Amino acid sequence: MIKVRSLSKFYGKKSVVEDVTVNIQRGQITSFIGPNGAGKSTLLSMVSRLLDADSGEVLIDQTDVRKMKSNEFSKVVSILKQSNYMNVRLTIRELVSFGRFPYSKGRLTEEDERCVDQAIEYMHLTDMQDSYLDELSGGQKQRAFIAMVIAQDTEYILLDEPLNNLDMKHSVQIMKILRQLVDDLGKTVVIVLHDINFASVYSDRIVALKDGKVVKDGPTRDIIQSDTLKEIYDMDIPIQEMNNCRICVYFSS
Amino acid sequence: MRNSFKLILLALLAIGASAVYLFHDLNGSFDYALPKRAIKVAAMVITGVAIAYSTVVFQTITHNRILTPSIIGLDSLYMLLQTVLIFFLGSGHVTVVNKQVNFILTVAIMVVFALLLYRLLFKKGNQPIYFLLLVGIIVGTFFSSITTFLQVLIDPNEFQVVQDRMFASFNNINTDLVWLAIGLIVLLIIYAWRFTAYLDVLSLGRENAINLGVSYDSIVKKMLVLVAVFISISTALVGPLTFLGLIVANLSYQAFKTYKHSVLINGAILISVISLVGGQWVVERVFTFSTTLSVIINFVGGVYFIYLLLKESRST
């Protein structure tokens with residue numbers, strides 16, 4: 001379990017994340033939702049050590065993340081940010097092989113190669129594993145990066161807006177794969193989402209942030225309610241139940 | 001396995017170039033000319049190693065393939081140091097005439113400067129690396145301006161000595177210094193080699209590197225210190241030559257098309273040894289010392305730099 005204890009981050013005097021306390025359960029998909037500038041990505045960055053917190057602490061399975069060695073941490077928690085600009089030219093397979101770096105330090109063993117094969121297979125990239133990343137479409141590229149994270153084989157997988165710039169088909173594909181990771185492989189997925197319908201349909205728990213604070217935290221059904229969403233987004237959002245999914249119809253509100 | 005074939009080919013070329021340089025027109029002067037040439041080749045090899053390694057590493061850290069470490073102002077500091085010494089103490093002073101004293105003094109001051117600069121910039125948490133580059137440019141320009149100012153005021157005879165230091169040169173290399181520099185460079189390379197795999201990860205960017213368990217900030221700092229020490233040693237030994245790094249690093253990227261630094265760095269080292277030894281041979285045999293090696297390198301490098309800029313601007 002990831003325990004976030006009164007975590008804060010300030011830029012100058014302005015607080016971006018303020019006194020956030022959240023528990024993230026194992027074996028579930030937890031979605032962070034909220035308006036732009038609510039501090040979702042900042043929170044995720046602090047949990048994954050990309051950013052130092054100004055106060056508070058993050059405990060992963062009872063251990064303070066600041067006390068963990070970088071290399072050990074990277075075997076437990078992986079993070080994928082939204083922008084992945086690189087100035088080296090890599091093939092999909094080379095990128096995914098980097099996921100084994102915490103274990104192999106660049107010298108892949110047979111077991112590493114097998115993990116890489118599995119990860120590529122899992123993301124349906126086997127046929128194009130020798131293509132270069134800059135030749136791929138947005139969806140394929142995103143899948144390649146997720147394959148790297150799968151090869152990293154961590155208990156916790158954090159993703160910062162993985163659906164950014166993807167069309168509906170590819171978004172659904174990615175969300176289904178994340179669901180499989182949780183249901184089949186027992187991973188824990190934490191994800192920052194903008195589209196609340198994806199959060200509603202695929203996640204087990206939702207944490208709603210606004211102005212750097214947690215406004216709601218609970219099972220998906222309890223959060224996807226018109227009055228709760230009004231509190232978060234300042235919008236009247238009617239909710240329709242279809243095929244057991246709660247869909248927010250916010251387009252014309 | 002094509003890359004290892006290319007590396008072997010480059011290694012053979014480097015050995016070939018050195019052999020031609022050592023034995024061409026030797027006229028049996030094994031006792032006099034050969035040791036003199038050998039010490040020059042040794043100096044060129046260590047300079048090549050230092051410049052190639054530091055440029056490739058620096059470009060990986062800054063994610064930029066048209067930068068050289070000279071941007072943090074080490075070259076201009078070297079020129080300032082030499083000019084100040086000659087201006088205030090005179091060209092006959094021990095710190096100018098005695099090559100060993102000059103070498104140790106210059107390396108020490110350059111390394112201390114680099115460490116101070118880093119300390120100042122990294123004290124306030126983790127500043128982006130571009131801040132360091134900006135401060136480096138400003139400090140470098142400041143040093144150059146003072147240097148020019150002093151050079152305008154200086155006695156014309158003394159200026160001859162200053163001018164001599166402005167261009168890298170392998171003529172009149174001090175034998176003891178070469179041994180000292182070899183010792184230093186070998187120790188540093190042994191220390192640096194373990195980080196090669198980490199450099200591959202650094203080229204994926206800060207966030208991916210941290211995700212993969214690399215202590216990004218501490219490794220970047222170590223690498224920046226190493227780069228400064230390498231550049232200080234090679235500059236103090238032969239003079240400012242960092243432009244060479246730009247050429248050899250990019251030629252290495254083009255030749256090997258890989259992300260693996262173990263290949264890229266070795267390739268860049270071999271290319272720089274070939275161009276230094278080859279260039280020096282051309283200076284001595286074709287131009288009969290009427291020009292210096294750094295003039296040739298700056299000319300070829302300048303043309304290549306313009307080509308790089310044109311190519312980059314076309315691709316975007």
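Predicted model: local features only at pLDDT ≥ 70, side-chain atom pairs only at ≥ 80, totals over all residues.
Two residues are taken to be in contact if their C-beta atoms, placed from the backbone, lie within 7 Å. From helix 8 of chain B, the residues B:Leu177, B:Ala181, B:Leu184, B:Ile185, B:Leu188 and B:Ala192 meet B:Leu226, B:Val229, B:Phe230, B:Ile233 and B:Leu237 of helix 11 of chain B. Sorted by class, this contact holds eleven nonpolar residues, with no polar and no charged ones. Helix 8 of chain B spans residues 175-192 and helix 11 of chain B spans residues 216-238; the two pack at an angle of about 165°, and their axes are 11 Å apart. Because of that angle, helix 8 of chain B counts as roughly antiparallel to helix 11 of chain B. The crossing of helix 8 of chain B past helix 11 of chain B is left-handed.

With helix 13 of chain B (residues 261-285), the axis of helix 1 of chain B comes within 9 Å, and the two cross at roughly 25°. That crossing makes helix 1 of chain B roughly parallel to helix 13 of chain B, and the crossing is left-handed. On the side of helix 1 of chain B, the contact includes B:Asn3, B:Leu7, B:Leu10, B:Ser18 and B:Tyr21. Among the residues they meet in helix 13 of chain B are B:Val263, B:Asn266, B:Gly267, B:Gln280 and B:Trp281. By class, the residues of this contact divide into 15 nonpolar, six polar and no charged.

The other partner is helix 2 of chain B. Helix 1 of chain B (residues 2-23) and helix 2 of chain B (residues 33-62) pack at an angle of about 150°, with 9 Å between their axes. The angle means that helix 1 of chain B is roughly antiparallel to helix 2 of chain B. Here the crossing is right-handed. B:Ser18, B:Tyr21 and B:Leu22 make the contact from helix 1 of chain B, and B:Leu34, B:Arg37, B:Ala38 and B:Val41 from helix 2 of chain B. This contact has five nonpolar residues, one polar and one charged.

Residues 70-89 of chain B are 80% helix and 0% strand, and the end C-alpha atoms lie 27 Å apart. Residues 289-310 of chain B are 82% helix and 0% strand, with the end C-alpha atoms 33 Å apart.

For chain A, the UniProt annotation "domain: ABC transporter", again from an unreviewed entry, covers residues 2-236. Over residues 2-236, chain A is 37% helix and 26% strand, and the end C-alpha atoms are 33 Å apart. Part of the strand content belongs to an open sheet of four strands of chain A in the order 2-1-4-5, with antiparallel pairing. Strand 2 (14-24) and strand 5 (63-64) of chain A each have a single partner strand, so they stand at the edges, and one side of each is left without a neighbour in the sheet. Strand 4 of chain A (residues 55-60) pairs with strand 5 of chain A over two bridges in the antiparallel sense, and A:Thr63 in strand 5 of chain A is the bridge partner of A:Ile60. Helix 1 of chain A (residues 40-47) packs on the sheet, where it touches strand 1 (2-11), strand 2 and strand 4 of chain A; the direction of helix 1 of chain A makes about 120° with that of strand 1 of chain A.

Strand 1 and strand 2 of chain A pair in the antiparallel sense over seven bridges. One of the pairs joins A:Ile2 to A:Ile24 of strand 2 of chain A. The two strands form a hairpin with two residues between them, and A:Gly12 in the turn has a positive phi of about 70°.

Finally, the two chains meet. The contact between them takes 21 residues from chain A and 16 residues from chain B. On the side of chain A that touches chain B, at least two residues each come from helix 2 (70-73), strand 6 (77-80), helix 3 (92-98) and helix 4 (101-104) of chain A. Helix 2 of chain A gives the most to this side, with three residues. The residues of this side of chain A divide into ten nonpolar, seven polar and four charged.

Key. Residues numbered from 1 in each chain as written. Chains lettered and ligands numbered in written order. UniProt positions renumbered as here; feature names shortened; annotations may be inferred. Axes fitted to C-alpha atoms, helices over the stretch in contact; angles between N-to-C directions. Parallel < 35°, antiparallel > 145°, perpendicular 65-115°, else oblique. Left-handed = near helix turned anticlockwise from the far one by under 90°. Nonpolar A, V, L, I, M, F, W, Y, C, P; charged D, E, K, R; others polar. Pairing = 2+ DSSP bridges.
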